[in-house]
Amino acid sequence: GMRSTPLGLLATLTALSSRALSLARPLRGAMAAAPGDVPSVTVLLQADKVRVLLQVEQQKLQLERDAAEPLEKTLRRLGASLEKKRGKKKGKNRPPIRPKLVPEQPSSLENSVAWAGASHLDVGDGVLRPIRINPPRVESISVSPLFRRILRGCEVFAEVEAADAASLRYEWFVQRRGSDDWLPVHEGVTYRPVEGDVGGHLWLKVTPLGEDAPTPGLCLSHFFVGAVEAAPPPFLVGFREAFLEQLKPAGAFRILSYNILADCYTRQPQVQKKLFSYAVRNRCVDAAYRLNLMLQEISSYDTDICCFQEVDPWFFNKTMQPLAAIKGYTASFGAKRNGQEGCAMLLRSSRFEEVPELSYDLLHSHLFQGRKDVPFPETRRKVAEQLLPLFVQYPDLLEQLTTKITSVSQLKVVRLRDAEEDALQYLIIANSHFYYHPLADHIRLIQMYTVLECLNELQLRIAEGLQGRSAVVFVGDLNSSLD
């Protein structure tokens, strides 16, 4: 026979179920019409399709038909779909659903014309539903994998895809620990959780607005599953505050370089044992923890140029690039030859404009292979001339440089937007990550030589082609010390 459920377990399961229901409420409520409102019908007129979205008796329906299809056929299909939604609720005395447009349109009229000429939809339930043609709408909300953990003091945001919207309204709500209420806490693209949010949950609602801002469009919501966690205070806050008190002279800029440790390396057992065995089981290695704290730290420095090494492609695409756009930066990524990670650069858009025809992602191994698609012919010539004797004497050196080295250097030429006519007009920014092995000083020396030669070529092109003054900024993780 069946065993009886222990009362303690039953109470726990009941509490968990109630908690899950309370957490789900905002998602359902965000999609429903407010009390007293007549639910509208959304009609999306596209080049070859017509999409109809409506709600009848708490049942949501989405129908997609050809734009050239006769209205009669579409309304008949709509009625059949609504009948199917009714299911067992239909009953013997309920008449069949025969939708019609108001004002009535000719049944042979094409969908694209008929729906545009109507103001309401009547499905026979006594409610005339107003038709909204191509209203502003949020198509999707996507969130970085980084935000599976939410930390106090670390900004949270989402990527939003919208259509026909003049602007978007972002509303943030918090359900504090021990409460079933959702409190509005912020309006803005990003939100930075505070101490009182720890243990609670976040909910984001995005509403699109048309040219007539008071009339909102179709909104979407996103519920962040993980509870807000406590986080350590920034360790460098005292140093940072003192640094930021120094006023930048007119025309000066601030640059930051940071190797952020690629997440792909933290998952390799050999790397874990050799480099940070003390922290493998510690949460500080988890990307969702340490990269959140890293973004909090670097955003505090108000830099004009940010250069990063060991950036995972997923982190750049899902987190760094969208956040850069929010903060007013342009972002670029140069992958290493193995594609696992690479270098990334953020440039403040108000200060710098990239010159794309003079900006390159240089794969070092391609240069040593003498490939003609490497756009530095003079450097290729010098490398072949200067290093050939070494390659003859040490054949394994050439193999290392062409097959083992995966390094990439981002070489960007940017124009200073506020530069005066006779002053510095261009910067050449090199963001590099050199070979790691502690016994490979000779490899890093060769890498430095070749990158400097490429930079020299770029300076000559600027002087001759753009006829402007330039300066070089060389940053990165060079895996070297001053001695």
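Of the 483 residues in the protein, 43% are buried (under 20% relative accessible area, with exposed over 50% and partly exposed in between; 1.4 Å probe, protein chains only). This is a predicted model: local features need pLDDT of at least 70, side-chain atom pairs count only at pLDDT 80 or more, and totals for chains, interfaces and linings use all residues. Residues are numbered from 1 along each chain as its sequence is written, and side-chain values use heavy atoms, without hydrogens and water.

The secondary structure consists of 12 helices and 23 strands, taken as DSSP runs numbered from the N terminus (helices H or I, at least four residues; strands E, at least two). Strand E6 (residues 128–133) runs parallel to strand E1 (residues 41–45), joined by three bridges; two strands pair if DSSP finds at least two bridges between them. Here Val41 stands opposite Ile131 in E6. Strand E5 (residues 120–122) is antiparallel to E6, also through three bridges, and Asp122 is opposite Leu128. Five residues lie between the strands of this hairpin, where Gly124 has a positive phi near 85°.

Helix H8 (residues 313–327) has 15 residues and should span 21 Å at 1.5 Å a residue, which agrees with the 20 Å between its end C-alpha atoms; the expected span is 1.5 Å times one less than the number of residues. The buried residues of H8 include Phe315, Phe316 and Leu323. Its buried residues pack against helix H7 (287–299) and strand E9 (159–163), among others, where contact means heavy atoms within 4.5 Å. After H8 comes Gly328, with a positive phi near 90°.
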